[in-house]
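Subject: Structure for your review

Dear colleague,

Please find the structure below, with its sequence. My notes on it follow.

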Amino acid sequence: MQEWVAGAASLVEWLVAWLEVFWPAIVATTGVVAAVWVTLHVAQHKRDARAAAAWTGLVWLVPLLGALLYLLLGVNRIQRRARQLTGGGAIDAALSAGRDQGTPLQSDRLRVLARLVGRLTGLPLTGGNRVTLLEAGPALAAMIKAVDGARDSVLLATYIFGNDAAGKPLADALERAVARGVTVRVLVDGVGALYSLPPITLRLRRRGVRVERFLHSIAPWRMPYLNLRNHRKLMVVDRCMGFTGGMNIRAGYLREPAHMQDLHARVEGPAVVHLLRSFVADWAFTCGETLDDNYLGALEAGDTLARGINAGPDADFDKRRLTLLAAIGAAEHEVRIVTPYFVPDQTLLASLQLALLKGVRVNIVVPQKNNLRLVQWASLHALRWLVREGAELHFSAPPFDHTKLMTVDGHWVLLGSGNWDARSLRLNFEFDMECYDDPLAEQANDLIDRRLHGARRVGEAEFRAMGRLRHVRNALAHLFEPYL
């Protein structure tokens with residue numbers, strides 16, 4: 001035994017001595033091999049040349065650490081599985097029956113836009129819908145009321161579900177629904193669930209509510225998806241009524257005075273199927289349970305033509321960005337954008353510049369003070385060039401406006417969870433809804449006008465008056481656009 005111990009100690013001493021001599025070569029070789037692997041992987045899988053260049057530069061300039069960051073943040077490992085879950089885009093009879101009910105499209109450009117988005121999503125533009133725009137406070141109250149009226153099922157997906165003055169009343173309503181025998185399923189993002197501690201998931205589980213966390217594990221080796229978050233916010237009640245938009249479940253919307261404002265929508269009609277199927281796919285991906293996705297609602301709830309748009313780093317990659325490009329290209333008179341985070345890629349910037357050159361009025365509303373400082377600096381760099389081309393930029397006054405809304409020519413409305421940044425366009429799982437309806441577009445524009453009422457117009461002169469150091473700061477922040 002002593003001889004074995006002595007031999008092992010001798011071997012350890014030899015290994016330590018060997019490593020003391022050769023560790024620089026080992027580390028250097030490992031760094032080069034990792035950098036070469038990442039470079040080859042990036043070249044084959046990254047369609048955005050700027051993102052590819054950024055990752056390649058990072059792994060060569062910061063050996064090993066750059067490769068580790070790419071492994072954690074840059075690799076999409078769920079594409080194949082997600083594609084299998086989303087299937088071939090089959091459409092049930094109820095959805096097809098509602099397709100042609102609603103207000104006819106007003107122009108050839110809108111018909112082309114509708115056809116293009118249909119090909120992108122594999123889903124029809126459904127008629128017979130009613131879409132009601134709701135500010136955050138009334139939206140939360142309407143959701144709680146809908147849960148209390150549920151008789152069949154409640155399916156809720158959200159990025160953040162706070163264990164606070166907003167989340168607790170909704171959790172209580174979900175508990176009451178379970179007590180009535182209603183099927184309740186709650187899906188919270190694995191990172192978003194940590195925005196309040198203790199997380200709401202503990203409260204829900206104690207009260208018998210089935211809740212799961214999207215891409216979450218306490219084991220680091222089982223959590224390789226740090227940059228791929230489920231940012232969707234949607235709820236479907238009794239498979240006949242839905243809610244979707246940009247609103248998380250947080251107390252900041254309810255405080256007096258409110259810390260945040262936001263926009264959500266109640267959806268009735270065949271387009272609810274799009275919300276339903278989005279949730280069912282995400283739920284099956286998370287825990288393997290298959291839920292009933294048969295629509296039980298009315299086929300003629302209103303006059304709005306509407307369609308859901310799933311986007312994410314899977315089979316739905318680039319659908320949202322291409323939809324935005326198509327909508328901007330279809331504009332003849334006006335594009336209005338309200339977003340908390342505006343850091344678009346060069347293609348989207350170029351499309352907005354082309355719209356300005358052909359005489360389209362482009363109006364952009366962003367918060368005067370952002371909750372993410374780096375994003376605000378990068379946004380100012382991009383907005384500077386658009387303002388120079390003639391875009392109308394407004395800084396909305398506090399409270400922080402988390403609204404995501406876009407209108408085109410008073411006919412087309414886009415609302416949902418997606419922002420104008422790389423995270424929403426390439427990394428997050430998002431859900432938006434496009435609507436073709438003049439009265440709804442008028443309501444959306446009225447809401448934008450209310451935002452503009454307290455906003456401050458920012459012109460080219462204000463950008464010129466900025467100090468050189470601020471311009472340099474903004475430009476350096478914009479270099480991180482592929483990561484923001």
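**Strand 6 and its partners**

Strand 6 and strand 8 (residues 263-268) run antiparallel and are joined by 5 bridges. Two strands are said to pair if DSSP finds at least two bridges between them, and helices (H or I, at least four residues) and strands (E, at least two) are DSSP runs numbered from the N terminus. This is a predicted model, in which local features need pLDDT of at least 70 and side-chain atom pairs count only at pLDDT 80 or more, while totals for chains, interfaces and linings use all residues. Residues are numbered from 1 along each chain as its sequence is written, and side-chain values use heavy atoms, with hydrogens and water left out.

On its other listed pairing, strand 6 is joined by 4 bridges to strand 5 (residues 234-237), again antiparallel. T244 can be followed through both pairings: L234 stands opposite T244, and in strand 8 the bridge partner of T244 is A265.

Strand 6 (residues 241-245) is largely enclosed by the rest of the structure, because 5 of its 5 residues are buried. Buried means under 20% relative accessible area, exposed means over 50%, and partly exposed is in between (1.4 Å probe, protein chains only). In a regular strand the side chains alternate between the two faces of the sheet. Here M241, F243 and G245 point one way and G242 and T244 the other, and all are buried.

The hairpin of strand 5 and strand 6 has 3 residues between the strands. D238, in this loop, has a positive phi of about 55 degrees although it is not a glycine. R239 is in the loop between strand 5 and strand 6 and also has a positive phi of about 55 degrees without being a glycine. D238 is buried at a relative accessible area of 15%, and R239 is buried at 11%.

**Elsewhere in the chain**

The chain has 17 helices and 17 strands. Buried residues make up 54% of its 484 residues. Of the contacts (heavy atoms within 4.5 Å) between residues at least 6 apart in sequence, 81% join residues at least 24 apart.

R320 lies in helix 11 (residues 319-330) and counts as buried, at 4% relative accessibility. The side chains of R320 and D432 are joined by a polar contact of 2.9 Å. A polar contact is a pair of N or O atoms within 3.5 Å; within protein, one must be able to donate a hydrogen and the other to accept it, and residues adjacent in sequence count only if both atoms are side-chain atoms. Leaving aside neighbours within four places in sequence, the residues in contact with R320 include A311, W420 and D432.

A54 is in helix 2 (residues 49-61) and is partly exposed, with a relative accessible area of 21%. A54 and F480 are 426 residues apart in sequence, yet 8.5 Å apart in space, C-alpha to C-alpha.

There are two cis peptide bonds to look at. One joins L197 and P198, with omega about 0 degrees; P198 is in the loop between strand 3 (183-189) and helix 9 (200-206). Another joins P398 and P399, with omega about 10 degrees; P399 is in the loop between strand 12 (392-396) and strand 13 (400-401).

Regards
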